[in-house]
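Please look over the sequence and the 3D structure below before reading the briefing that follows.

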Amino acid sequence: MPRTHILSTGFRVPDRVVTNDDLASMMDTSDAWIRQRSGIEERRWVEEGEAGSDLGAAAAAMALERAGMKAEDLDCLIVATLSPDHFFPGTGVFLQRKLGIRDIPCLDVRNQCTGFLYGLSIADAWIRTGRYERILLVGTEVHSTGLHRNDFGRDTAVLFGDGAGAVILGPVGPAEGGRGDGNGSAPERGILSVHIHADGRFAEKLWVEAPASKYDPLISHEHIDAGLTCPSMDGREVFRQAVSRMPEAVREALDAEGLSIDEVDMVIAHQANLRICQMVQRALGLSDDRIYNNIQRYGNTTAASLPIALHECVEEGRLRCGDLLCLTAFGSGFTWGSALIRW
Ligand code: COA
């Protein structure tokens, strides 16, 4: 079976920069509080009418260009998002249309901050089994339009941002180093394994309750007035579990591959909160040059967070061919996971 590899990356964030001081003019918060609790300095918000599929299509176009491919070369599209353009159909078909392509399957993945890893797991299985050869995986989010930008929503409004990241995945053969050099001296490149988890007991610890088909009607003025359309979060429980689940998932991936943390060159953890990432770093005993963070500039972009960070990590030359990369995420559901990739 061939290995799956990430052939290229791309990203797009909206042009509009929203600083902590901007937020302080909308709600009772401060630059000092936000920096101290989350490490976030600014985030991006879309302009009116700019959708998650627009950001995703721009990120995809960049990834295609870097891979030297056209949209027509793709044979499958996977979109991870918790903020779909519309209730249905999924964001995937809108993104497909914006890329000007037809007749390839579009799968929407709804696993929040872990959505990119869930999508990676599916894409990896499809490529290894030969089902598809060129898969575009996009994480895209528009949070700003769903946040309560006032005192009521201040605990979540300051954390989330908009953006998209994309990767193109394909099989990597022996000629590209996919099976090593045959003498055991060059490591095999590509995705070694992906591990995904969920525990629905915590579903309401971080959620948006409405619109909900469980209610009749699925959205009402009462829902809006009660704040049910705004994210609701038990921040302390999320924090407590995130700092244990992500290191656990990294160790699980290493154990599965018979590798040790000393062999890992770079860890990219979901950019939930800089304090969470720092605790993950400490739990794994990683030096500063072996962890990548960019939450300071973008806030938490949920499903887009890992592919945006991966793209910037690559662009900054922090990953070299043959490096061992570990991705890990945790979020609403609760869901969490990890992936080990030989770059
Ligand atoms: N600005 C100023 N004060 C705020 C605020 C804001 N934006 N949001 C909340 N507060 C207040 C609270 O009301 C509380 O006030 P009180 O003590 O008078 O009741 C106070 O700040 C402290 O709140 P607390 O919840 O103790 O803060 P914390 O240290 O736990 O930090 C989070 C809050 C949300 C930053 C933190 O819990 C966290 O990062 N959790 C994980 C969030 C996350 O990563 N979510 C996404 C996961 S994918």
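What should the 23 residues of helix α8 span at 1.5 Å a residue? The expected span, taken as 1.5 Å times one less than the number of residues, is 33 Å for α8 (residues 235-257), and this agrees with its end C-alpha atoms, which are 33 Å apart. This is a predicted model, in which local features need pLDDT of at least 70 and side-chain atom pairs count only at pLDDT 80 or more, while totals for chains, interfaces and linings use all residues. Residues are numbered from 1 along each chain as its sequence is written, and side-chain values use heavy atoms, with hydrogens and water left out.

**Helix α8**

- Helices here are DSSP runs of H or I with at least four residues, and strands are runs of E with at least two, numbered from the N terminus.
- After α8 comes G258, which has a positive phi, near 65 degrees.

**Around the ligand**

**Polar contacts (pairs of N or O atoms within 3.5 Å)**

- The side chain of R37 has an N or O atom 2.8 Å from an oxygen atom of the ligand, whereas for the side chain of W33 the distance to a ligand oxygen atom is 3.3 Å.
- A nitrogen atom of the ligand lies 3.1 Å from a backbone N or O atom of R154.

Technical notes. A polar contact is a pair of N or O atoms within 3.5 Å; within protein, one must be able to donate a hydrogen and the other to accept it, and residues adjacent in sequence count only if both atoms are side-chain atoms.
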